[in-house]
Amino acid sequence: MRKFLGFFAAIAAVAFMSCSGGANGAATPTELAEQSMKCIQNKDYKGYVDLMNFPETMKPEEVKTQKEMYVNMMENKMKESVEKAGGIKEFKAASEENVTDTTATVKVNVTYGNDSTAVQDVQCVKAKDGSWKLKNNK
């Protein structure tokens, strides 16, 4: 479980179309956090990655390559962590913290299939189009 927590924090910091947000992001940080968790719950890693913020200065082929890399990485890491914990049984956004005009952190309470629990921090940034996206440090 500790490996998952570290990995998820890294993904969120590097930073969610069954997730209902898709490439458009979300209207609020809480909505984004819930969309991202729904993607992980449904093993929709492409949907998760589509919620990530990529610099507008990146060429489309670079964005495509980065997204494919993240999807592959998530598929492998989630098998090692979330799936071993029985998948995500339920989740609920608990609070928005450190909210500014362009950034926010959402605390999400997660319960896994094996009944273990964790609080995940979802790092959000406001994209140029005004939607909220997962923070991506690359």
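**Close-up views of a predicted model**

**View 1. The largest pocket.** The largest pocket holds about 270 Å³ of space. A pocket here is an open set of points on a 1 Å grid over the protein atoms alone, where a 1.4 Å probe fits, with protein on both sides within 12 Å along at least five of seven lines. Its volume is the space filled by probe spheres set on the points, and grid points are joined across faces, edges and corners. This is a predicted model: local features need pLDDT of at least 70, side-chain atom pairs count only at pLDDT 80 or more, and totals for chains, interfaces and linings use all residues. Residues are numbered from 1 along each chain as its sequence is written, and side-chain values use heavy atoms, with hydrogens and water left out.

The pocket lining has 13 residues. Lining residues have an atom within 4 Å of a point. N53, F54, E56, A127 and K133 lie nearest the centre. By class, six lining residues are nonpolar, one is polar and six are charged. Nonpolar covers Ala, Val, Leu, Ile, Met, Phe, Trp, Tyr, Cys and Pro; charged covers Asp, Glu, Lys and Arg; the others, Gly among them, are polar.

**View 2. The nonpolar core.** The largest nonpolar core counts 31 residues. Such a core joins buried Ala, Val, Leu, Ile, Met, Phe, Trp, Tyr and Cys residues through side-chain atoms within 4.5 Å. Buried means under 20% relative accessible area, exposed means over 50%, and partly exposed lies in between (1.4 Å probe, protein chains only). Y48 and V49 have the most contacts inside this core. Elements giving two or more residues to the core include helix 2 (29–41), helix 3 (45–50) and strand 4 (132–134). Helices (H or I, at least four residues) and strands (E, at least two) are DSSP runs, numbered from the N terminus.

**View 3. Strand 2 and its neighbours.** Strand 2 is mostly covered, with seven of its ten residues buried. Strand 2 pairs with strand 1 in the antiparallel sense, over eight bridges. Two strands pair if DSSP finds at least two bridges between them. E97 stands opposite T105. The hairpin of strand 1 and strand 2 has five residues between the strands, and N98 in the turn has a positive phi of about 50°. Strand 2 also runs antiparallel to strand 3, joined by nine bridges. Here V106 has V122 as its bridge partner. Four residues lie between the strands of this hairpin, where D115 takes a positive phi near 70°.

View 4. The structure holds five salt bridges. Each is a side-chain nitrogen of Lys or Arg within 4 Å of a carboxyl oxygen of Asp or Glu. D115 pairs with K89, the closest N and O atoms being 2.6 Å apart. This pair links distant parts of the chain: D115 is in the loop between strand 2 (103–112) and strand 3 (117–126), and K89 is in strand 1 (88–97), 26 residues apart. K89 is partly exposed, at 46% relative accessible area. D121 and K107 meet in another salt bridge (2.8 Å, N to O). D121 is in strand 3 and K107 in strand 2, 14 residues apart.

**View 5. Salt bridges at the helices.** E80 and K77 meet in a salt bridge (4.0 Å, N to O). Both lie in helix 4 (60–80), three residues apart, about one turn of the helix. E80 is partly exposed at 45%, and K77 is partly exposed at 34%. K46, D50 and K67 are linked in a network of salt bridges.
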